Amino acid sequence: MTTPGNNKTSDNQAGAQADPRDELIARRARALYREASLRIDPATAGRLRAVRRQALDAAKAPQRHTARWLVPTGAFAAIAFAMLMVWQPLSHSPSTPANHAISTDQSADVDNDLPPDAEKTDPSLYQNLDFYGWLAANNASNNQPANR
Amino acid sequence: MSTVAGTLETDLLLDSARETPATLDAFLAQVERRAFRMAELNLRHREDAMDAVQDAMLRLVKHYREKPAAEWPPLFWGILRRRIVDLQRRRKVRSIVVGWLGGGKDDEGSEMPVWEPADRGPGPLDRLHDSQSYADMAEAVKQLPQRQREAFMLRMLEGLDVAETARSMGCSEGSVKTHLSRAMHHLRGQLEDWR
């Protein structure tokens, strides 16, 4: 409200009361209202000041966005952790034979340099060790001239 | 200009305090006492009036402090008006509940007063020099229907213009003028012997 009286002229046309007593009533009522507002007892005035400061302090107080987000974030983290804990035991459960075979094959490439595990290797391999030895020696001798 | 609004225009233009302050603190400091009196006139209870003013201040600061200063007055008075209506409704519901529970009548069947906490604080009449006139006005305003009372208080007592009064009341400017006209008509009858 910049100047409340500015718009009064236009208001008069529609809101005007021709009765002269209206003028008296309005002026008198307003004067009494203003006087009553000025003559507020000190205790009430003090409370009003305190109420105003409280309202303004509430606005000045830093918005606790972090505190507001802590609870949902913590809840989400707890749920995620719980799901992880549930999921991990499932992933370590005995896998299917097919998967196990695949993983064995993959690990075989890596462990080529290691001596074969007697328990995991095919028993027929040990039965034909001489043949495989001869095959390896033959292949080595055949490949040498070719490499050169 | 022999109209009420014309007379008030002069008053308002002379009243330098009507300029809206630039800061919210200064604005609230300017209106807090009048807001209290307005709430008190409506609610007839000082503690309820204080609660209404406090709530209006908090809501204005919380939700509308970023608004231009020129918009604060209609926003503030609108918030206060709604808060007053809320408190009046709550009081009415409380009275109904007390009536259902048998608190509305005493043992002899006589009507008990509507339950309201006692207001023992110093009223405006204790300090106001022209106390009887104020009491007459308060009683006459109390007799007005809700919307007429709001229009009279915001437009005539607080000095908002029609557009601001309409914003505060949540109605059209035409409705404000109608309510105000009827309010003045009632007050003429109520304050026949007012001096």
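Which residues does Leu80(B) touch, not counting residues up to four places away in sequence? The views below take up this point and its surroundings in a predicted model.

**View 1. Contacts of Leu80(B) in the predicted model.**

**View 2. The largest nonpolar core.** This core holds 54 residues. Ala39(B), Val53(B), Ala56(B) and Leu80(B) touch the most other members. Helix 2 of chain B supplies the largest share, 10 residues. In soluble globular proteins, nonpolar side chains tend to be buried together.

**View 3. Helix 2 against helix 3 in chain B.** Helix 2 spans residues 24-43 of chain B, and helix 3 spans residues 46-64 of chain B. Their axes come within 8 Å and cross at roughly 145°. The crossing is right-handed.

**View 4. Residues at the contact of helix 2 and helix 3 of chain B.** From helix 2 of chain B come Leu24(B), Leu28(B), Glu32(B), Ala35(B), Phe36(B), Ala39(B), Glu40(B) and Leu43(B). Helix 3 of chain B contributes residues including Arg46(B), Asp48(B), Met50(B), Val53(B), Ala56(B) and Val61(B). The contact residues divide into 13 nonpolar and 4 charged, with no polar ones.

View 5. Chain A has 7 helices and 0 strands. Of its 148 residues, 14% count as buried.

Definitions and conventions. Residues are numbered from 1 along each chain as its sequence is written. Chains are lettered from A and ligands numbered from 1 in the order in which they are written. This is a predicted model: local features need pLDDT of at least 70, side-chain atom pairs count only at pLDDT 80 or more; totals for chains, interfaces and linings use all residues. Axes are lines fitted to C-alpha atoms, for helices over the stretch in contact, and angles run from 0 to 180 degrees between N-to-C directions. Helices (H or I, at least four residues) and strands (E, at least two) are DSSP runs, numbered from the N terminus. A crossing is left-handed if the near helix is turned anticlockwise from the far one by less than a right angle, and right-handed if clockwise. Two residues are in contact if their C-beta atoms, placed from the backbone, lie within 7 Å. Ala, Val, Leu, Ile, Met, Phe, Trp, Tyr, Cys and Pro count as nonpolar, Asp, Glu, Lys and Arg as charged, and the others, Gly among them, as polar. A nonpolar core is a set of buried Ala, Val, Leu, Ile, Met, Phe, Trp, Tyr and Cys residues joined through C-beta atoms within 7 Å. A residue is buried if 20 or more other C-beta atoms lie within 10 Å of its own, exposed if 12 or fewer, and partly exposed in between; C-beta atoms are placed from the backbone.
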